[in-house]
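Colleague: I am new to reading protein models. Could you take me through this one, feature by feature?

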Amino acid sequence: QYQSKRHTRNQIIDALLRDVDCELPESALMKETRSVIYNIVEENHKRGISKELIDEHKDQIFSEANDSAKGRLKVSFLLTRIAEKEEITVDSKEMDVQIQMLAAQQKVKPQKLVQQLRENGKLEELHDQILSNKTLDFLTEKATVTEITQAEAEKMQEEAQAAEAAKQAAQAAENAIADGAGVAGAEAKAE
């Protein structure tokens, strides 16, 4: 049951990312990108990766962090909008329950945890996380689940991969044409 619910939630998130187009505020995107970069660098330091090696891959890290940040921000924005539209809210009791659980996990008193969360500016993040989870629960309840066979799943994946390959090929062709037009234009100016 838990795996099934989690799988449905992941599919909902994938559908939101794939099917809904929206502009993201540049300042929020950069803030989220910095946060993701920080997490990546911290995780790599914990794993013993040298600063030099991280520096060598900084462009790749930035690119991956930016893509991740776009996805996270888009999902967060969309879930917040859905919560507003559906009048989904988080009450103080729900916050208290979550704080109690986190305090028990971290073996600290709830009051101390609240103080730490306030000092670190994380209390609002906790609220937003609860709201996102409630909104995902709402969407999961409303979702229509269609069971498919393994063969159907594989066929759908192959079709998606073929569509992605075709999209990439079209983009490459577009770029080649644009590059060729640029070269032809430059040659014409030279004459």
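Colleague: Let us begin with Lys107. Where in the chain is Lys107 found?

Modeller: Lys107 sits in the loop between α5 and α6. This is a predicted model, so every value here is computed.

Colleague: Which loop holds Glu87, and what is the phi of Glu87?

Modeller: Glu87 lies in the loop between α4 and α5. Its phi is positive, about 55°, although Glu87 is not a glycine. Glu87 follows α4. Its relative accessibility is 69%, so Glu87 counts as exposed too.

Colleague: Which residue with a positive phi follows α6?

Modeller: That is Gly121. Its phi is near 65°.

Colleague: Now the helices. How many helices and how many strands does the chain have?

Modeller: Eight helices and zero strands. Along the sequence the pattern reads α-α-α-α-α-α-α-α.

Colleague: How do I judge the span of a helix?

Modeller: Compare the end-to-end distance with an expected value. Take α5, residues 92-106. It has 15 residues and reaches 21 Å from first C-alpha to last, close to the 21 Å expected at 1.5 Å a residue. Helix α4 has 28 residues. It reaches 40 Å, close to the 40 Å expected.

Colleague: Next, burial. Which residues of α5 are buried?

Modeller: Buried means under 20% relative accessible area. In α5, the buried residues are Met95, Ile99 and Ala103. Seen down the axis of α5, they fall within an arc of 65°, so they line one face of the helix. On the other side of α5, Lys93, Ala104 and Gln105 are exposed.

Colleague: What covers the buried residues of α5?

Modeller: The cover includes α6 and α7.

Colleague: And which residues are buried in α6?

Modeller: Leu113, Val114 and Leu117 are the buried residues of α6. They cover an arc of only 100° around the axis, which puts them on the same side of α6. The face turned away from that buried side carries the exposed residues Gln111, Arg118 and Glu119. The cover over the buried residues of α6 includes α5 and α7.

Colleague: Let us zoom in on one residue. Is Leu113 buried or exposed?

Modeller: Leu113 is buried. Its relative accessible area is 3%. Leu113 belongs to helix α6, residues 110-119.

Colleague: Which residues does Leu113 touch?

Modeller: Leave out residues up to four places away in sequence. Then Leu113 touches Ile99, Leu102, Ala103, Gln106 and Val108. Now compare sequence with space. Leu113 and Ala103 are 10 residues apart in sequence, and their C-alpha atoms are 6.2 Å apart.

Colleague: Which residues are buried in α4?

Modeller: Among them are Ile61, Ala65, Asn66, Ala69 and Gly71. The list also includes Leu73, Lys74, Val75 and Leu78.

Colleague: What share of the chain is buried?

Modeller: Buried residues make up 20% of the 191 residues in the protein chain.

Colleague: How do I read contacts for the chain as a whole?

Modeller: Ask how far apart the partners lie in sequence. Count the contacts with a separation of 6 or more. Residues 24 or more positions apart account for 81% of those.

Colleague: Last topic, pockets. How much space lies in the largest pocket?

Modeller: About 1,100 Å³. Its lining has 25 residues. Glu32, Arg72, Leu73, Ser76 and Glu125 lie nearest the centre.

Colleague: Which helices each supply at least two residues of that lining?

Modeller: Four are named: α1 (2-19), α2 (26-46), α4 (58-85) and α7 (123-142).

Colleague: How does the lining divide by residue type?

Modeller: It divides into 10 nonpolar, eight polar and seven charged residues.

Conventions
Residues are numbered from 1 along each chain as its sequence is written. This is a predicted model: local features need pLDDT of at least 70, side-chain atom pairs count only at pLDDT 80 or more; totals for chains, interfaces and linings use all residues. Side-chain values use heavy atoms; hydrogens and water are left out. Buried means under 20% relative accessible area, exposed over 50%, partly exposed in between (1.4 Å probe, protein chains only). Contact means heavy atoms within 4.5 Å. On a 1 Å grid over the protein atoms alone, a cavity is a set of points where a 1.4 Å probe fits but cannot get out, and a pocket is an open set with protein on both sides within 12 Å along at least five of seven lines; lining residues have an atom within 4 Å of a point. Grid points are joined across faces, edges and corners, and a volume is the space filled by probe spheres set on the points. Ala, Val, Leu, Ile, Met, Phe, Trp, Tyr, Cys and Pro count as nonpolar, Asp, Glu, Lys and Arg as charged, and the others, Gly among them, as polar. The expected span of a helix is 1.5 Å times one less than its number of residues. The arc is that of the directions from the helix axis to the C-beta atoms.
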